Amino acid sequence: MWSQLRTLWTVFQHTFMRNETVQYPDEMPYAAPRYRGRIILTRDPDGEERCVACNLCAVACPVDCIALQKTEREEDGRWYPEFFRINFSRCIMCGMCEEACPTYAIQLTPDFELCEYNRDSMVYEKEHLLINGPGKYPDYSFWGVAGKTIEGKDKGEARNEAPPTDFRSLMP
Amino acid sequence: MATIFVDGERYEAKAGQNVLEAVLSQHLDLPYFCWHPAMGSVGACRQCAIVEYADENDERGRLAMACITSVRDGMRISIEAPYAAEFRTSVIEWLMENHPHDCPVCEEGGECHLQDMTVMTGHSQRRYRGTKRTWRNQDLGPFIGHEMNRCITCYRCVRFYRDYAGGTDLDAMGSRGRMYFGRVGDGKLENEFSGNLVEVCPTGVFTDRPFSSQYTRKWDLQSAPSVCPGCAVGCNIFPSERYGDLKRVHNRYHGEINGYFLCDRGRFGSHFVNDPARIRNAGTRARDDVFEARGVDAAMDALGKMLRDRKVIGIGSPRASVESNFALKSLVGRDSFCNGLADGEADLIALALDVHGRGGARIPTLSDVETADAVLVLGEDVLNTAPRVALSMRQAARGRALEMGSEAAIPGWQDAGIRGHAQGRLSPVFLATTLPTRIDDIATATFHATPADIARTGYAVAHRLDGDFAEGDAADEFVERVAAALGEAKRPLVVTGTGSAEPGVIEAAANIAWALRARGADPALLIAPHEANSVGAAMLDAGLSLDGALEAVRSGEADTLVVMENDLYRRAESARVDAALAAGAEVVVMDSMENATAQAANLVLPAAAYAECNGTFVNYEGRAQRFYQVFEPGGEIAPSWVWIQRAAQAAGRSDCAWSGIDDLVRACADGEPALAAIPEAAPAADYRSEADTRIPRQPHRYSGRTAMRADVNVHEPKPTVDDETPFSYSMEGQNTGRQPGSTVPYVWSPGWNSNQSVFKFQQEVGGSLSGGDPGARLIGTDGPNGADSACFRNPPAAFAGGDGVRLFPVHAIFGSDELSARSWPVASCSPPPYVVLHPEDARELGVEAGDGVRCDALSASAEVRIDAAVTRGAAACVVGLPGLPEPLPSEAVALSRDPDFPREAEIIAKG
């Protein structure tokens, strides 16, 4: 009896409270910058593709919806994906790919509006994923840290590297 | 046996083992780097630290390195003791100080022993704040990539390359913190086994370059157990696929054959599977040579007409599986079937089978070869025809050092100790070959002559060992030394083969082995043919020789000729093949690659390459080994035996309707008494693991399943159900290593992502696979009886020079094998066609090294090389390269200088 009265009272109180229903899509809800929505591929500060096709996002993906193939750019030796495909009709927006990415290439964005009439349209290729900026991590450049050389970054020029050793040296 | 206590648990170990081997043989986890089961211990990396206790009352113990501590009975050790675990973590931390931030762009990532050990020891936070040491890399040629920054100085590379494989151009250089592992300068690694550096290196310093160009992580590779199609040794391999391309070949451990190592022909020779010159569609070729794809149904209609009520001749192939050959034989009948071996080669293999059938000498496995205490090679350059045998012979040569070590009570795994003690002394190895070889460095003595003269020398050795045997040439010093060394040996080995196209060398080798048997030794006789299934094809009872088959077609006796996976222009003189193919018979060719025979066919059918079908190869020791389909080929490609089955159906026949590969294998075993044991080579398709599951072709972390085909169709197809084998085309199932050894599709174990995990699949480190080593021996299983080993009595006539030059065959590891020569990494290392002349002969012909010569028998000009080791009047001619057929003319030819031959230097200058 007491419980029913209390319920009635609570319901009655809500008559005077602010309306919580959001008039989407007329009113857009706020999604934080780290919201886990549509996935993008970003570029490093030099404007080059960040993705080095290491496959870690693909293996971290619990629904296996990422497939890619590594290739190498002839002119500078950078690794990059020949193709990079995300099947958004399978994606569960868990963000494991972003967490696994060692180069900050793959990032989730606050855009959650991924609706299509046709499932085929949910398959995104690299040209659909790659944006023109660095996304959430504006300064990071993987190739500036990695030991592998690319055109324009010789051995010893990466962060925290000593100049190349001369193994012919006899100095003690 | 000894009993040891590891962390309080009781285990059995072998006395004389080191503790690391004992612990790993129990499948326990203990990190290590520099130790390698095939190369022993050097104690360089300090990673396998354990705590050893004096007795059961000792609670403190002392730190010891497991790999250089001998097992003692009653020994008490601890792997988990905090002191040892902390020490191991520190070692990793030191090793990682200079390790670059490369894993995402490193080909080793995901199958890296250094990654595994770092995770296993628990080192996760970098504390070192200094700078990282860097290096400049070298260009090591088309096979191997070099990234020296990643080195952890374990010395495995030079220990393999120099000490195990006998290479000279890779070394450790520098001093203190400047140790560098590379060549003196850029250049291709010269050793024929350089590819093993990829697997030997515990991190990513040496990587597989062809694989890198189409790189896929190990967890994404779909693999199946397979057998190398490169030569007759039958090394076990893991070919791996992703996105429909064969990506790479890795070693598949076989305790008795290849062990941990492959040759570069096998490792890099499989890229032909992806070649654009693959035949992918069934079609017809009209008289104007234009190929027209017709589709399977139309092609089968056409084929049905060609077969129905016609006289059909079938030519099989030593590079096709036993099953496909048997299927063709069933289609055309015994009397119209030819096994596809060149006539001379067929006779040689028949001779080899006859010799083995008579008993008297063991047929050695490669692990057996390594235990021989004296070796004689008669007429065969094994490094170029059966390369893996040469690597095992190198280990046999080290037998003397191991023996000296055991006399001085140095355990066999104490690698540096034994080397220091033996001071380079080797077991006796004698090489009698046409030309100097690249294993001459282990030879006690070498002898260079024409094959006939080598055979005569062999006869003389047998006679010297036992006077009952036929005499050869007058004894010279070489014969004396060989006879003395072999006579003293307990387990002598004679190696010969079909490479020199001389039956006399096989007869002489058999005589020597039998003479040794008569003296009470336990001899082994290895006869190497040169194709993957030469022995299997020869064991089929065939009614026609190749000559007979070609003649029957040429004379119009046959209406239709079916050629299966065979380029006839490599087997017989072009003129004879031309005459047969142009005689008016319908020519049907099923093959995987476009070739001259397929160009001349009326009907072309796309056959599956070895990685795309199931089948059996029989290796040099008569071991039938099953290879499994790695991936489904696209389009119309099908195994040859399936084409034959369809053809029989199209021709309205009710036989040749096998329900699958198992049925075909059984039919073959029933129909061919010599092959009765082939079903034992592998379990049937209904085999299931202990949890009643299939064996997965894909690792459990295979990625991208819902995206890899989404560009074609977003609805994922159901994985193909494989009715033919116990494997699945998915990651579902179990690969525990407890299944039969022939059905291990890849090696992986929790915590062990690299190929080092193979020890979890072995009964003991370096021993047999847990489920038994693969293969069923078809010959030599009764053991040597020696009862009816009558000797051969007719040595060939000595070589006598005359007019012109007599050509003798030599082989090239890169180029002489048909399929691997069309794999782009191997093709980039193939030599140009060449002949090797004596300096005097060259002078008489007016040519010098680098000039070109030609003759009527060769369809291409060949480059001249000069070597004083060649007999005057004879010339060594590399075979199997474009324009140089394998059967060389048996008479002397008139060589002449080709004025138009481009010199290599000129080609380079022209770019």
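1. In β6(B), B:Lys132 is the bridge partner of A:Glu161. This pair belongs to a link between the two chains: β6(A) and strand β6 (residues 132-134) of chain B are joined by 2 bridges and run parallel. The model is a predicted one, and everything below should be read with that in mind.

2. The contact between the chains comes next. Chain A gives 40 residues to the contact and chain B gives 34 residues. On the side of chain A that touches chain B, the elements giving two or more residues are α2 (56-60), β2 (66-72), β3 (79-87) and β6 (161-164) of chain A. By type, the residues on that side of chain A are 21 nonpolar, 10 polar and 9 charged.

3. Is B:Ser703 buried or exposed? B:Ser703 has 26 C-beta neighbours inside 10 Å, so it counts as buried; the cut-off for buried is 20 or more. Setting aside neighbours within four places in sequence, the residues in contact with B:Ser703 include A:Asn55, A:Ala58, A:Val59, A:Cys61 and A:Asp64 from chain A, and B:Trp219 and B:Asp220 from chain B. As for distance, B:Ser703 and B:Ala669 are 34 residues apart in sequence, and their C-alpha atoms are 40 Å apart in space.

4. Some backbone angles deserve a check. Most residues other than glycine have a negative phi, and most peptide bonds are trans. Against that background, B:Arg46, which is not a glycine, has a positive phi near 60°. B:Arg46 sits in the loop between α1 (19-25) and β3 (49-53) of chain B. With 18 other C-beta atoms within 10 Å, B:Arg46 is partly exposed.

5. B:Tyr155 also has a positive phi, about 70°, although it is not a glycine. The loop that holds B:Tyr155 runs between β7 (144-146) and α4 (156-164) of chain B.

6. One peptide bond is to be noted in chain A. The bond that joins A:Tyr24 and A:Pro25 is cis, with omega about 5°. A:Pro25 is placed in the loop between α1 (2-14) and β1 (39-41) of chain A.

7. Helix α18 (residues 503-518) of chain B has 16 residues. From its first C-alpha to its last it reaches 23 Å, close to the 22 Å expected at 1.5 Å a residue. Of the 16 residues of α18(B), 15 are buried, so the helix is largely enclosed by the rest of the structure. After α18(B) comes B:Gly520, with a positive phi near 95°.

8. Last, a sheet in chain B. Which strands form it, and in what order? The order is β27-β28-β31 (chain B), an open sheet of 3 strands with antiparallel pairing. β27 (615-618) and β31 (776-777) of chain B are the edge strands, each pairing on one side only. Strand β28 (residues 623-627) of chain B pairs with β31(B) in the antiparallel sense over 2 bridges. In β31(B), B:Ala776 is the bridge partner of B:Ala624.

Notes. Residues numbered from 1 in each chain as written. Chains lettered and ligands numbered in written order. Predicted model: local features only at pLDDT ≥ 70, side-chain atom pairs only at ≥ 80, totals over all residues. Helix = DSSP H or I, 4+ residues; strand = E, 2+ residues; numbered from the N terminus. Buried ≥ 20, exposed ≤ 12 C-beta atoms within 10 Å, placed from the backbone. Expected span 1.5 Å × (residues − 1). Contact = placed C-beta atoms within 7 Å. Nonpolar A, V, L, I, M, F, W, Y, C, P; charged D, E, K, R; others polar. Pairing = 2+ DSSP bridges.
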